Amino acid sequence: CIEINVRQHLKGDVLREITSKVERCRSKMDDEKLYLALVGEFSSGKSTFINALLGFRLLKEAVMPTTACATYIQSKGKILTINVSFFDGCKFKASSNDFKGVASYLESTYKVVRTSLLEIIEDLTSDQKIARTVKELEIFVPNANIPRNVVLIDTPGFNPGAVSVDNHYEITKHVVEEIADAALILTPQEQAM
């Protein structure tokens, strides 16, 4: 009865938006994973924090803006593996044993030669020219020091300045509003709260 009454008063775009949000909520309730976004200004330590959790350097760390796309990291599998899709429609699954497809794509499209999956991950996440073309990047780390049902999301930093692409804020906002179940906000230690 209430649903019928609501539908009588809400029409068009408003009804579609509310219906879409309800469906996303239902979908998230069925997903057993906890999506934990790491957010903060650039160089606040998000990638460093993730690397410390993992126990090795997976993501590039620098004082300049590095992470340029949302990167989903979870403990899964027996070898380091990625799934990457680009806005041009190209998709690749690569592992530390077989990364030829994505390496060839990067070489032909961006004229970069990479000899390891870690170098490719660095390009996909922090090379501003490449990362802005990445639609989605999932990284599966074997035996990571994170629970199997937790997905860490490394997000681009806020206020990256003129040295990076201009969509960092929009990417992070989308992750926080539409994907993450919770967020961990990191700030540089020298910055007053």
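Reader: How does arginine 57 count, as buried, exposed or partly exposed?
Author: Arginine 57 counts as partly exposed, at 43% relative accessibility. Here buried means under 20% relative accessible area, exposed means over 50%, and partly exposed is what lies in between, using a 1.4 Å probe and protein chains only. This is a predicted model, in which local features need pLDDT of at least 70 and side-chain atom pairs count only at pLDDT 80 or more, while totals for chains, interfaces and linings use all residues. Residues are numbered from 1 along each chain as its sequence is written, and side-chain values use heavy atoms, with hydrogens and water left out.

Reader: What do the side chains of glutamate 122 and arginine 57 meet in?
Author: They meet in a salt bridge, with 3.4 Å from N to O; the term means that a side-chain nitrogen of Lys or Arg lies within 4 Å of a carboxyl oxygen of Asp or Glu. The pair links distant parts of the chain, 65 residues apart, with glutamate 122 in helix 5 and arginine 57 in the loop between helix 3 and strand 2 (71-75). Helices (H or I, at least four residues) and strands (E, at least two) are DSSP runs, numbered from the N terminus. Glutamate 122 counts as partly exposed, at 26% relative accessibility.

Reader: How many salt bridges does the count come to?
Author: The count comes to two salt bridges.

Reader: Changing topic, how many residues has the largest nonpolar core?
Author: The largest nonpolar core has 34 residues, and those with the most contacts inside it are Leu58, Ile73, Ile82, Ile120, Leu124 and Ile139. Helix 4 gives the most to this core, with five residues. By a nonpolar core we mean a set of buried Ala, Val, Leu, Ile, Met, Phe, Trp, Tyr and Cys residues joined through side-chain atoms within 4.5 Å. In soluble globular proteins, nonpolar side chains tend to be buried together.

Reader: What does isoleucine 82 touch?
Author: Not counting residues up to four places away in sequence, the residues that isoleucine 82 touches include Phe92, Ala94, Leu117, Ile120, Leu124 and Ile139.

Reader: Where does threonine 81 lie?
Author: Threonine 81 lies in strand 3 (residues 81-86), and it is buried, with a relative accessible area of 13%. A polar atom of the side chain of threonine 81 lies 2.9 Å from the backbone oxygen of isoleucine 79.

Reader: Back to the surface, which residues form a nonpolar patch there?
Author: Val14, Ile18 and Val22 form that patch, with about 220 Å² of accessible area together. Patches are made of residues with over 30% relative accessible area and no salt bridge, with like charges joined within 9 Å and nonpolar side chains (Val, Leu, Ile, Met, Phe, Trp, Tyr) within 5 Å. The areas come from the Shrake-Rupley method with a 1.4 Å probe, and for residues only the protein chains shown count as cover. Isoleucine 18 is found in helix 2 (residues 12-30) and is partly exposed, with a relative accessible area of 39%.

Reader: And what does the secondary structure of the chain come to?
Author: The chain has seven helices and seven strands, and 39% of its 193 residues count as buried.

Key. Polar contact = N/O pair within 3.5 Å; in protein donor to acceptor, adjacent residues only side chain to side chain. Contact = heavy atoms within 4.5 Å.
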